[in-house]
Amino acid sequence: MRKVAFRLGLAVAALALTLPMVKADNKAASSEAKPKSSTLTIDSPVKFGDTTVKPGTYKLVIESDKATIENGKTVVASAPGHWEDRKQKVDSTGFETTNGAVDSIFVHGESSAFVLGGQVSKK
């Protein structure tokens with residue numbers, strides 16, 4: 001009888017320890033699924049995907065595999081991409097360009113960058 005009670009107690013303790021981890025993992029998964037949005041100021045014309053975006057202040061929305069620039073409720077430009085980990089969090093939202101075309105987007109407080117383009121880079 002003691003062995004059965006001891007085993008039952010261990011099983012309940014193990015179950016109790018795993019439940020908080022399962023809930024935490026579900027929260028992380030659901031937050032990854034939410035689109036990230038931020039205000040983005042563009043000082044000079046840039047190419048975003050196939051569209052040239054004029055200077056101005058826009059809303060930037062990044063979903064899991066697509067970034068969109070919006071002016072009010074109008075989609076100005078969108079481009080496919082993917083997230084890549086970086087070494088540290090960034091202090092502000094911005095982007096990097098090559099020859100006037102946006103390569104990657106950094107979102108304030110994130111330690112990842114959204115890299116425009118359809119393919120994931122290999123390390």
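This is a predicted model: local features need pLDDT of at least 70, side-chain atom pairs count only at pLDDT 80 or more; totals for chains, interfaces and linings use all residues.
**View 1**

View 2. Thr 68 lies within strand S5, which spans residues 66–71. Its relative accessible area is 6%, and because this value is under 20%, Thr 68 is classed as buried. With residues up to four places away in sequence not counted, Thr 68 touches Lys 59, Leu 60 and Val 61, together with Val 75, Ala 77 and Ser 78.

**View 3. The pairing of S1 with S4.** Strands S1 and S4 pair in the antiparallel sense, with seven bridges between them. Within this pairing, Lys 59 of S4 stands opposite Thr 39.

**View 4. The largest nonpolar core.** This core comprises 17 residues, of which Phe 48, Val 53, Ile 69, Ile 105 and Leu 116 touch the most other members. At least two core residues come from each of strands S1 (36–42), S2 (46–48), S4 (56–62), S5, S6 (74–85), S8 (101–106) and S9 (112–116). S4 gives the most, with three residues. In soluble globular proteins, nonpolar side chains tend to be buried together.

**View 5. The contacts of Leu 116.** Neighbours within four places in sequence are left aside here. Leu 116 is in contact with Phe 48, Ala 67, Ala 79, Pro 80 and Gly 81, and also with Val 102, Asp 103 and Ile 105. Among these partners, Phe 48 and Ile 105 are listed with Leu 116 among the core residues that touch the most other members.

Notes. Residues are numbered from 1 along each chain as its sequence is written. Side-chain values use heavy atoms; hydrogens and water are left out. Helices (H or I, at least four residues) and strands (E, at least two) are DSSP runs, numbered from the N terminus. Buried means under 20% relative accessible area, exposed over 50%, partly exposed in between (1.4 Å probe, protein chains only). Contact means heavy atoms within 4.5 Å. A nonpolar core is a set of buried Ala, Val, Leu, Ile, Met, Phe, Trp, Tyr and Cys residues joined through side-chain atoms within 4.5 Å. Two strands pair if DSSP finds at least two bridges between them.
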